[in-house]
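Let's take a friendly walk through a protein model. Have a look at the chain below before reading on.

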Amino acid sequence: MLNPGESAPDFALPAANMDLIQLADYRGRHNVVLYFFNKDHTPGGIAEAVEFSERVDSFAEHDTVILGVSMDECLAHELFREEEGIEFELLSDAEGEVSRRYHALKKWEAHGMVRYGIDRSTFVIDKRGLIRHAFYHVAPKGHAAEILGLIRSLDSVDA
């Protein structure tokens, strides 16, 4: 697992519109809320994405961008963004490589079959590229408000 104080692993992943998003591009300019979720169009995925989307402007007031990551393909993300009114980037980690680096990809065995999926996880990354907060096994409801509170506290600590 990743811990506060560690450097956030860099990555480049395609967004819903197929633009390549690289974490390093935000260094020195923005804090990043990087959250991993299991799948578009699931109750937890919808709840978490909508709650983050409702707070995009509040995060922006604190120089913070939100990036959501799942193993869904870019076209699925685009449809999900349109249907739910999501106002931040959703990134496709179809092979699970970035999810593995952040220890968010988990292996489950059920009925004799091995499956892989995302363990809902969130990372608050500061402008220097350091992980300030790392959460694993996240419950989606109310999580965006909790993370916004942590972002507000970063401002007072870094001032």
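## Before we start

This is a predicted model, in which local features need pLDDT of at least 70, side-chain atom pairs count only at pLDDT 80 or more, and totals for chains, interfaces and linings use all residues. Residues are numbered from 1 along each chain as its sequence is written, and side-chain values use heavy atoms, with hydrogens and water left out.

## The whole chain

The protein chain has five helices and nine strands; here helices (H or I, at least four residues) and strands (E, at least two) are DSSP runs, numbered from the N terminus. Along the sequence they come in the order β-β-β-α-α-β-α-β-α-β-β-β-β-α. With a radius of gyration of 15 Å, close to the 15 Å from the globule rule for 159 residues, the chain is as compact as a globular protein of that length. That radius is taken over C-alpha atoms, and the rule is 2.2 Å times the number of residues to the power 0.38.

Of the 159 residues, 48% are buried. Buried means under 20% relative accessible area, exposed over 50%, and partly exposed in between (1.4 Å probe, protein chains only). Contact means heavy atoms within 4.5 Å. Among contacts between residues at least 6 apart in sequence, 63% join residues at least 24 apart.

Which residues of helix α3 are buried? In this helix, residues 74–84, they are Cys74, His77, Phe80 and Arg81. These four lie on the same side of α3, because they cover an arc of only 120 degrees around the axis; the arc is that of the directions from the helix axis to the C-beta atoms. Leu75 and Glu82, on the other side, are exposed. The cover over the buried residues of α3 includes β1 (12–14), α1 (43–53), β4 (64–70) and β5 (89–92). After α3 comes Gly85, with a positive phi near 70 degrees.

Helix α1 is largely enclosed by the rest of the structure, because eight of its eleven residues are buried. Among them are Gly44, Ala47 and Phe52.

## A closer look at Leu90

Where is Leu90? It sits in strand β5, and it is buried, with a relative accessible area of 0%. Leaving aside residues up to four places away in sequence, Leu90 touches residues including Pro14, Tyr35, Phe37 and Gly68. It also touches His77, Phe80 and Arg81, which are buried residues of α3.
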